[in-house]
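Me: I've got this model open and want to go through it with you. Let's start with the side chains.

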Amino acid sequence: FFVGLPGASLDCACKRADEWRSEFEKLHINYGDQLVGATFSAGAAEFPVHGETVEEILSAVDRALYAAKTAGRNCVRTA
């Protein structure tokens, strides 16, 4: 999914995404007799530095997301 943070710098957006990632990692639910948890990776980009159209920004974010996954997951990467 996409989260837009109008007016936020790239650094601020990355810090916020990393806070969300860290808190999400702490959540666990009981499923039957198991305790289940999950993590997520995120990519971040800044307008107009990484693109001037919605398509360019989303493409930059997508590349950053896949860089996070390649880096071992459960992290945030920038375009």
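Me: What sits over the ring of Tyr66?

Reply: That's the charged end of Lys69, 4.8 Å from the ring centre. To count, NZ of Lys or CZ of Arg must be within 6 Å of the centre and within 35 degrees of the ring normal.

Me: Before I go on, what kind of model is this?

Reply: A predicted one: local features need pLDDT of at least 70 and side-chain atom pairs 80 or more, while totals for chains, interfaces and linings use all residues. Residues are numbered from 1 along each chain as its sequence is written, and side-chain values use heavy atoms, without hydrogens or water.

Me: OK. How many aromatic pairs does the structure hold?

Reply: One. Phe24 and Phe40 form it, edge-to-face, with 5.5 Å centre to centre and 65° between the planes. Rings of Phe, Tyr and Trp (six-membered ring) pair if centres lie within 6.5 Å; planes under 30 degrees apart are stacked, over 60 edge-to-face, the rest tilted.

Me: And which parts of the chain does the pair link?

Reply: Distant ones. Phe24 is in helix H1 (residues 10-26), and Phe40 is in the loop between strand E2 (34-37) and strand E3 (42-44), 16 residues apart. Helices (H or I, at least four residues) and strands (E, at least two) are DSSP runs numbered from the N terminus.

Me: How do Phe24 and Phe40 count for accessibility?

Reply: Phe24 counts as partly exposed because its relative accessibility is 34%. Phe40 is partly exposed too, at 25%. The cut-offs are under 20% relative accessible area for buried and over 50% for exposed, with partly exposed in between (1.4 Å probe, protein chains only).

Me: What about Arg21, buried or exposed?

Reply: Buried, with a relative accessible area of 11%. Arg21 lies in helix H1 and touches Phe40, Asn74 and Cys75, leaving out residues up to four places away in sequence. Contact here means heavy atoms within 4.5 Å.

Me: Where does Cys14 lie?

Reply: In helix H1. Cys14 is buried, at a relative accessible area of 14%. Its contacts, not counting residues up to four places away in sequence, are Ala44, Val76 and Thr78. Ala44 and Val76 belong to the core with Cys14.

Me: Zooming out, what does the secondary structure come to?

Reply: Two helices and four strands, running α-β-β-β-α-β from the N terminus on. The C-alpha atoms fill a box of roughly 50 × 25 × 20 Å along the principal axes.

Me: And buried residues make up what share of the chain?

Reply: They come to 22% of the 79 residues. As for contacts between residues at least 6 apart in sequence, 44% join residues at least 24 apart.

Conventions: A nonpolar core is a set of buried Ala, Val, Leu, Ile, Met, Phe, Trp, Tyr and Cys residues joined through side-chain atoms within 4.5 Å.
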